[in-house]
Amino acid sequence: NKVVRISNGVDFCKFQKVVDVDREDIKKYIRKGYNRVLGYVGAIEEWFDFGVLEILLENHLDTRIVLIGIIGKKVSKKYFDLNSKFGDRIEYIGPIQHDLLPFYIKYFDFGLIPFDLRHPVVRGINPIKLQEYFAMGKSVIANVWEELSPLHDNIKLIDFETYLEKRYEIEKSIGQEIFKEKIAIAQSNGWASKIQQIINLIER
C-alpha cells in the first residue's frame, strides 16, 4: 500500500499558551452570567443541525450557545428564528481572528459539533475543531459519525442524546484526569506529531 492518510493537525502550542491566561473581557462577552455555555467554532452551512440546538435550549434553561464563524446565507434564517425564540441564549458572534480563538474556547464549558449526519458532506469530514476543543481541555457534544466514533466515550466525546439525558452525571465525571487525557489527545494530533509521522514514513 503506497497511500497513507494523515489526518488533520492542530496548532497545539497556540492553544496551550492561553490555558492559564485570563481575558475577562472575552469571558464576560461569552458567558453573560449563564451557568453553562456551549460553543461552536467553524463554518455554519447546510450541514449544520440547528434542530439539535433548539432541543438543547428547550431542555436546559440555564444554557447559552455561542456560534463563531461564517454563516451561509441559506441557513442564516434558521439562526435568526432561534435567536428570536431564545434571545441571547443563542448568539452568533461571527468570525474572529484565529489568534483569539483559544481565548473564546477557554470560556466554553463544552465544545459543539452539531452536524447533520444526513448530509453527504459530513461523512468525509475529519473536524479539526475537535482537536482545538481538546487542546483547551474541553469535552465535546456532537452528532457522532464514523470519523469521531473511536473517541465516543460519553465523557470526552458525548452524543447529544446522552448529554440531554445525563448532563449532570456527565459533568460530575469530568475531572482532572479526563482533562489531561483530552490535552494528550490534542498534543498527539499536533503538527509536530503529524510531521514526525510523515518523516517516519519517508525513512522506513
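Student: What should I know about the numbering and the model?
Tutor: Residues are numbered from 1 along each chain as its sequence is written, and side-chain values use heavy atoms, with hydrogens and water left out. The model is predicted, and local features need pLDDT of at least 70, side-chain atom pairs count only at pLDDT 80 or more, and totals for chains, interfaces and linings use all residues.

Student: Which residues are buried in helix H3?
Tutor: In H3, residues 50–59, the buried ones are Phe50, Val52, Leu53, Leu56 and Leu57, where buried means under 20% relative accessible area, exposed over 50% and partly exposed in between, with a 1.4 Å probe and protein chains only. Helices (H or I, at least four residues) and strands (E, at least two) are DSSP runs, numbered from the N terminus.

Student: Where do they sit around the axis?
Tutor: They cover an arc of only 160 degrees, which puts them on the same side of H3; the arc is that of the directions from the helix axis to the C-beta atoms.

Student: Switching to salt bridges, what does Glu91 pair with?
Tutor: Glu91 forms a salt bridge with Arg64, with the closest N and O atoms 2.8 Å apart, a salt bridge being a side-chain nitrogen of Lys or Arg within 4 Å of a carboxyl oxygen of Asp or Glu. Glu91 and Arg64 are both buried. Glu91 also forms a salt bridge with Lys32, at 3.0 Å between the closest N and O atoms.

Student: And how exposed is Lys32?
Tutor: Lys32 has 38% relative accessibility and so counts as partly exposed.
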